[in-house]
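Thanks for asking me to look this one over. My notes follow as numbered points, to be read with the model open beside them.

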Amino acid sequence: MTKKLTLLTLGLIFCLCTGCAVNPITGQEQFMLIPEQQDITIGREYSPEVEKQLGGRIANESLQNYIDSVGRQIARIGHRPDWEYHFVAVEDKSVNAVALPGGYVFVTRGMLQKMKTEAQLAAILAHEMTHIVARDSSAAISRQIGINILLSAVTSEKTPESVLLIADLTRQILDLKYSREQEEVADFGGLDYMVRAGYNPYGAVEVMQMLQDQQRIRPIEFLSTHPSPQNRVEYLTQKIQTDYYRLEDLKVGEEDYRNIVLEQLAD
Ligand SMILES: [Zn+2]
């Protein structure tokens, strides 16, 4: 047996004995100890505290329905249409978007106010959805926090201590870091999702440019957990020019976005 084959076999045995799952975005095996059901439990149990720490839901049902409908159009064509997704606009003024395992995406008032079109919104939701489907957030939780700590905090009896612990763990969830590779995969995967959902992919480039401009003024929360947007603008533009054409039928949605989001959030 060649050395390469031995390593391959050992790798396969390792994968079979421990937890490996196929990442549907990359098509590759990835190390994953968390059963899918636990993704859903973590999302369900921690989403109320995440929502609270991000300032609560924006009290505007037509805006929430709009964010949700854009998110659902993407979820429908994604790799896991069977999961139950929740797309929520929150009051936080920082420029940010957050994904929780199991199908929860939060986008902040600060981010919503800086975007100009539905295609840009779709780009952010598609990027976050790709992290969820690739289970990047679950993998980051198991590496950076510990899955059992999260689960035991929500399943044990509610005491003042457990409430404090859940709040602290939620802050850690909001600080999760993804690798540069995971971000690139989410950028390309998100681009593919948004085009298949009917959105003009230049929305993704415009969002990166907006974040880059904002970053020059002050640190942007979205970028503190994401690599610099400079070369992302370049590689996204290149990908669009080589892989996508007939863009004229794809939605930009400037007017809808202005009416339903920007005018509602005007200070
Ligand atoms: Zn990301």
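1. In this predicted model, the largest nonpolar core has 66 residues. Ala122, Leu125 and Met194 are the residues with the most contacts inside that core. Helix α5, residues 118–133, contributes the most to the core, with ten residues. As general background, nonpolar side chains in soluble globular proteins tend to be buried together.

2. Beyond the residues up to four places away in sequence, Leu125 touches Val70, Gly71, Ile74, Phe87 and Val105. For a sense of how the chain folds back here, Leu125 and Arg72 are 53 residues apart in sequence, yet their C-alpha atoms are 9.6 Å apart in space.

3. Next, the strands. Strand β3 (residues 86–90) is mostly covered, with four of its five residues buried. Strand β5 (residues 104–108) runs parallel to β3, and five bridges join the two. If you want a pair to find on screen, His86 stands opposite Tyr104 in β5.

4. β5 also pairs with β4, this time antiparallel, through four bridges. Val107 in β5 is the bridge partner of Ala97. In a regular strand the side chains alternate between the two faces of the sheet. Both faces of β4 are covered: Ala97 and Ala99 are buried on one side, Val98 and Leu100 on the other. The hairpin of β4 and β5 has three residues between the strands, and Gly102 in this hairpin takes a positive phi near 85°.

5. Helix α6 deserves a careful look. Seven of its nine residues are buried, so α6 is largely enclosed by the rest of the structure. The buried residues are Asp136, Ser137, Ser138, Ala139, Ala140, Ile141 and Ser142. They pack against α2, β4, α5, α7, α8 and α9 (180–196). After α6 comes Gly146, which has a positive phi near 115°.

6. Which residues of α8 are buried? They are Leu169, Thr170 and Ile173. Seen down the helix axis, the buried residues of α8 fall within an arc of 105°, so they line one face of the helix. An α-helix has 3.6 residues a turn, so residues three or four places apart point the same way. Among the elements that cover the buried residues of α8 are α2 (36–53), β4 (97–100), α6 (136–144) and α7 (147–155). On the other side of α8, Pro160, Glu161, Leu164, Asp168 and Arg171 are exposed. The helix itself (residues 160–174) has 15 residues and reaches 21 Å from its first C-alpha to its last, close to the 21 Å expected at 1.5 Å a residue.

7. Arg135, in the loop between α5 and α6, has a phi near 60°, a positive value in a residue other than glycine. Arg246 is not a glycine either, and its phi is positive at about 55°; this residue lies in the loop between α12 (230–243) and α13 (254–262). Are these two buried or exposed? Arg135 is buried, with 23 other C-beta atoms within 10 Å, whereas Arg246 is exposed, with 6 other C-beta atoms within 10 Å.

8. A word on confidence. The protein chain averages a pLDDT of 87, and 88% of the residues score at least 70. Among the elements of the chain, β3 has the highest mean pLDDT (98) and helix α1 (residues 3–17) the lowest (44). Over residues 5–18 pLDDT stays under 50, and the model has five contacts for that stretch beyond four places in sequence.

9. Finally, the overall tally. The protein chain has 13 helices and five strands. Of its 267 residues, 41% are buried. Among contacts between residues at least 6 apart in sequence, 71% join residues at least 24 apart.

How values were computed: Residues are numbered from 1 along each chain as its sequence is written. This is a predicted model: local features need pLDDT of at least 70, side-chain atom pairs count only at pLDDT 80 or more; totals for chains, interfaces and linings use all residues. A nonpolar core is a set of buried Ala, Val, Leu, Ile, Met, Phe, Trp, Tyr and Cys residues joined through C-beta atoms within 7 Å. A residue is buried if 20 or more other C-beta atoms lie within 10 Å of its own, exposed if 12 or fewer, and partly exposed in between; C-beta atoms are placed from the backbone. Two strands pair if DSSP finds at least two bridges between them. pLDDT is the predictor's confidence in each residue, from 0 to 100. Two residues are in contact if their C-beta atoms, placed from the backbone, lie within 7 Å. The expected span of a helix is 1.5 Å times one less than its number of residues. The arc is that of the directions from the helix axis to the C-beta atoms.
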